[in-house]
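Please keep the viewer open as you read.

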Amino acid sequence: MFLLISQNLPHRRFSSVYSSFLIAKNRLQTQRMSMSLTPSNQASAPPTPRPSASLVIINERNEVLMVQRNPQASSFAGVTVFPGGNFDKKQESSLKMTAIREAFEESGLLIARPSDNLSRIPSDDVLDEARFAVHGQKTTFQQFINEYNLVADAESLLPFTTWITPKEAPRRFHTQFYVTFLPGTSASGFMAGSKQERLPKPDGGQEVIAARFIRPDEALAEFNARKITFMPPQFYILYTLSNILRSATNTFEERVAVQRLSSGYFGRMVFNPRRLAQPQSSPDASTVLTYEGDETRGGFPGRLHRAVVKMGKGGITTAITLHRNFDIFTEIEPHVFDVSSKL
């Protein structure tokens with residue numbers, strides 16, 4: 001009996017140790033699985049796009065206002081853009097006011113009118129002093145226009161597409177683009193109010209280093225010659241306007257065409273650019289960005305709505321070719337565009 005017990009004792013000890021090992025192993029696996037499911041170990045979610053606005057200002061010579069961003073800027077360094085920036089809930093209550101304020105800060109152009117017949121647009125010196133004060137947060141834009149009995153001409157801003165930065169970008173923006181004309185022509189019924197065109201001036205290099213009016217086709221030519229750089233939204237809008245603003249001075253028909261786009265499906269389009277997968281063996285270093293309405297994004301077979309983009313250092317574009325084989329006035333498929341914000 002003693003011998004039998006002595007022979008079974010090592011087996012029992014082994015079973016006990018092995019069971020303890022299995023229990024410890026299971027606990028470790030459970031802990032690892034739990035850690036892998038915690039937010040800190042999951043793939044980080046894309047940053048939420050910041051609400052922003054940008055304003056396309058067209059003068060009577062069919063030129064658009066463009067500003068060049070500071071090469072040291074944290075985003076879009078050195079890129080030529082339309083005036084614009086982030087929504088500031090402390091300063092404004094709408095994206096239209098954001099667009100007007102940012103245009104004033106970056107170029108000195110004030111999209112406003114006197115609130116009564118006794119008031120006047122301030123002198124250039126006063127405007128320049130005010131724009132730096134607003135930018136430096138010494139005063140708010142609303143306080144400035146109230147002081148001089150002015151009203152921001154928000155009614156003249158026409159929506160002209162919305163763009164949301166792709167999810168893989170480190171900084172994302174949900175940008176509403178607007179278009180407006182200088183000077184206002186209230187007699188035509190196209191816009192209310194009036195605006196004073198001043199020679200645009202950069203803001204001393206704080207955000208932009210250059211500001212100027214340039215015709216859309218000339219701006220595109222400079223981009224193609226690599227004299228300036230654009231991002232896809234600016235290229236898309238300039239390309240669209242270059243096919244409308246053809247006269248030496250803008251005509252009533254051209255203004256109405258822009259208004260038609262704004263009030264139609266075009267003005268309400270929300271762009272969420274997506275990369276189109278390409279064969280790995282493809283020698284082309286370019287990226288294809290598809291837009292809503294492309295045949296790969298819910299559009300009819302054969303429908304193209306995409307841009308072929310080549311990138312340089314820092315993700316700045318060096319070449320863009322737009323493929324859009326439908327009439328933006330009559331052939332936009334509304335079901336493929338979500339007019340809500342796809343954040």
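The notes below cover the overall build, the confidence, the cores and the salt bridges.

This is a predicted model, in which local features need pLDDT of at least 70 and side-chain atom pairs count only at pLDDT 80 or more, while totals for chains, interfaces and linings use all residues. Residues are numbered from 1 along each chain as its sequence is written, and side-chain values use heavy atoms, with hydrogens and water left out.

**Overall build**

The chain has seven helices and 14 strands; these are DSSP runs numbered from the N terminus, with helices (H or I) of at least four residues and strands (E) of at least two. Of its 343 residues, 45% are buried, where buried means under 20% relative accessible area, exposed over 50%, and partly exposed in between (1.4 Å probe, protein chains only).

**Confidence**

The predictor's confidence in each residue, pLDDT, runs from 0 to 100. Its mean over the chain is 82, and 78% of the residues reach 70 or more. Helix 1 (residues 2-37) has the lowest confidence, with a mean of 44, and helix 6 the highest, at 98. Please treat one more stretch with care: over residues 184-194, pLDDT stays under 50.

**Cores**

A nonpolar core is a set of buried Ala, Val, Leu, Ile, Met, Phe, Trp, Tyr and Cys residues joined through side-chain atoms within 4.5 Å. The largest one holds 41 residues, and Phe-230 and Leu-241 touch the most other members. Helix 6 (residues 232-242) gives this core its largest share, five residues.

Which strand holds Gln-176? Gln-176 sits in strand 8 (residues 173-181), and it counts as buried because its relative accessibility is 14%. Beyond four places in sequence, its contacts (heavy atoms within 4.5 Å) include Ser-52, Leu-95 and Phe-160.

**Salt bridges**

A salt bridge is a side-chain nitrogen of Lys or Arg within 4 Å of a carboxyl oxygen of Asp or Glu.

| Pair | N to O distance |
|---|---|
| Glu-63 and Arg-61 | 3.1 Å |
| Glu-222 and Arg-212 | 2.6 Å |
| Arg-297 and Glu-292 | 3.2 Å |

Glu-63 is buried, at 17% relative accessibility, whereas Arg-61 is partly exposed at 36%. Arg-297 and Glu-292 are both buried. Elsewhere, salt bridges with shared partners join Glu-92, Arg-101, Glu-102 and Glu-105 into one network.
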